Amino acid sequence: MVATETATFPDSFCAPRAGPSLDWPAATPREFITTTRARFDAAVSRHLPEQYVIISIQSSTSTGKPVGKRFIEQFMWGFQDTFRISLTGEVERAFEHIGFNVEVRCLLVGFKVAGDHRFDICVEQGEKLYTPEDFSEVQRTAVQKYNEHPESSALISDPRGHKLHQESLKDGMRAEALRERLASLEEQKDWAFFVSNSVRVRDYEVHIVTGIPRDRLDGVPQISTTSRDRMTIVPSLAHAVIWDILGRARRTLYLPDAGSGLRILGTSTDEIVRSATERMLRTVIYCAGYWFASDFHLLMNQLSSLPYEGREGAGRLVLARAEDPAIEVKLKLAAPVKNGNALAVRKLLEGGGPTADVLSTGEFVYGLGTVRPDYDPASESVFVVTFLRRGYWELSHAGTALLAVRDGITSLPKHVLDESYFRDLSDRLFSDPDNDALTQAAQAIGKHRHGAMLVISADAKGEAHRLSPQSWEVEPTPLSDNFLTQLTDMDGAVLLDPQGRCHAIGVILDGSARGEGDPARGSRLNNAVRYLGSGHPQAIVVVYSADGGIDILPQLHPRVLQSEVNAAVAAYLALSAQRPPDLERVNRLWKSVDAVKFYLSAEQCDALNQAREGIEEWRMENTHMRLQEPPLRPDSRMDITYWRPEGD
């Protein structure tokens, strides 16, 4: 498409009134293609304050056919839909960055404060899930919440400060009422919503809303404390990312034409995650009694990267008040060392070990000691930073890692065993396995110091004998968790049978190269891949890498309900047949289909490919754009063993 300097809004297609020709700034073809829609929105919105249809953006070689058509019924400003779409992308990218792949739903809810408009409440959304009537009681509920809030009677001596505080409180109560209303809607109870305070955009006060499936959020490592001493606590890295993005998006709404650019937050995903990490650490460490931990993550990065006499960083830093009854101080420093003295703290970490850790308030290191066995995790007052190796550290509470930082890049912990997949795989490969014993063994192996491997074989006795020239065969016996962990210090794998009895230690797996594996990974994983691909008895291999990753092999697609796959296919076929199609919802349902493509039959693939082609033909005819997707094909590995019994 070649850009021209004029965009025409034909009178015959205007709604609700005729629109003039609009002057268009000159632009390069690339700039024009990426920003035409946004610029046109801005121009049109100046002439059509409520409802409008974008009909055509002419190119010098066009035939006058419309490039795109768009209708905003609940109009707040001309970029509201591009703002929402861009925001969704920003959240998805940030979640992917921290290793949290999840469906995201973003919407905008505006409450009219001025002007004569058709809607007192406007909802900017993708799928039509909500109506203004759904939120008709939000304002009333917000007033009630404000009147009942203890801060509503607080008096600030500065009049302007008092006014701003009360206005912010009222706005926060409306955000809370809106969140509660969203959660109460029948079809939204499986979603967790986050709602920002509002920003005045033209004649509406606009709240930004982000939602994710509640079960996925609950599965993220987190603490339960959300407030302490009137201070908001961010319980997880996922929460921190959401609130950081909502804060940035809210600030963007103060700018003219918010949403006109492709990246509305004006910063990189790396910076969002870094800022979210700082926010989470600052509030979590406040639970341990220290208020001013704004640079804590930078200090931990520095400590983890500092060698000591050539050795990489290792050890544990316990964060707790010196007077916390859960802390047993075994060695108290006469003069505490400031945390910012990285070289001194790094040297003290060398004194830590199995019997004592370095103790810090968050501001000062005050000694060495331990967390008492009777520590109540519900108090959430003691946290631990574990330095695993150079450039790699974790923050944990009561044995649960909350976040991991590798070379300054933060993510959710990746060394959590996927118990559901592990148990499902065990049921599929073995006859009557003791899944509790096997899971316990896999978790015990995970407490390694430099990587470990667990092999569970359907014929453990035979494999122990066959591999005995390069391992030690033992009399079958169950092993305690601590003993299993201790054995990981030895090279080689631990070999168990499906009932959890040990048959061999120090096992070196054999096998032939078959063009599988990953050259970027180490010998443990690639040896396991070769072993499983060489025709040996059915086996599961759990590989713990030295860098903290976990692989459960073989990597089979999980068993699913056939009815769920059929439902995803049927939903897409039904929606894609509608004209005009709801493209945003169609795209979401396509993602659902694509997620189960391994299980599709040839007939389902053909039907879906045909439906997809119909959607793209409509898109091309009406928008002069087309999304190219590879056609679906049945997978030759799929068979009935991948179906989970209905009713499970």
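Contact means heavy atoms within 4.5 Å. Helices (H or I, at least four residues) and strands (E, at least two) are DSSP runs, numbered from the N terminus. This is a predicted model in which local features need pLDDT of at least 70 and side-chain atom pairs count only at pLDDT 80 or more, while totals for chains, interfaces and linings use all residues. Residues are numbered from 1 along each chain as its sequence is written, and side-chain values use heavy atoms, without hydrogens and water.

Two strands pair if DSSP finds at least two bridges between them. An open sheet with mixed pairing has six strands in the order 21-23-22-20-24-25. Its edge strands, strand 21 (472–477) and strand 25 (550–553), each pair on one side only. Helix 10 (residues 419–429) lies across strand 20, strand 24 and strand 25. Helix 11 (residues 435–445) packs on the sheet, where it touches strand 20, strand 22 (493–496) and strand 24. The table gives the helix directions; axes are lines fitted to C-alpha atoms, for helices over the stretch in contact, and angles run from 0 to 180 degrees between N-to-C directions.

| Helix | Strand | Angle |
|---|---|---|
| Helix 10 | strand 24 | about 155° |
| Helix 11 | strand 20 | about 160° |

Strand 20 (residues 452–457) and strand 24 (residues 539–544) pair in the antiparallel sense over six bridges; here Met453 stands opposite Val543.

**Strand 7**

Strand 7 pairs with strand 9 (residues 204–213) in the antiparallel sense over five bridges, and Ala192 stands opposite Ile212.
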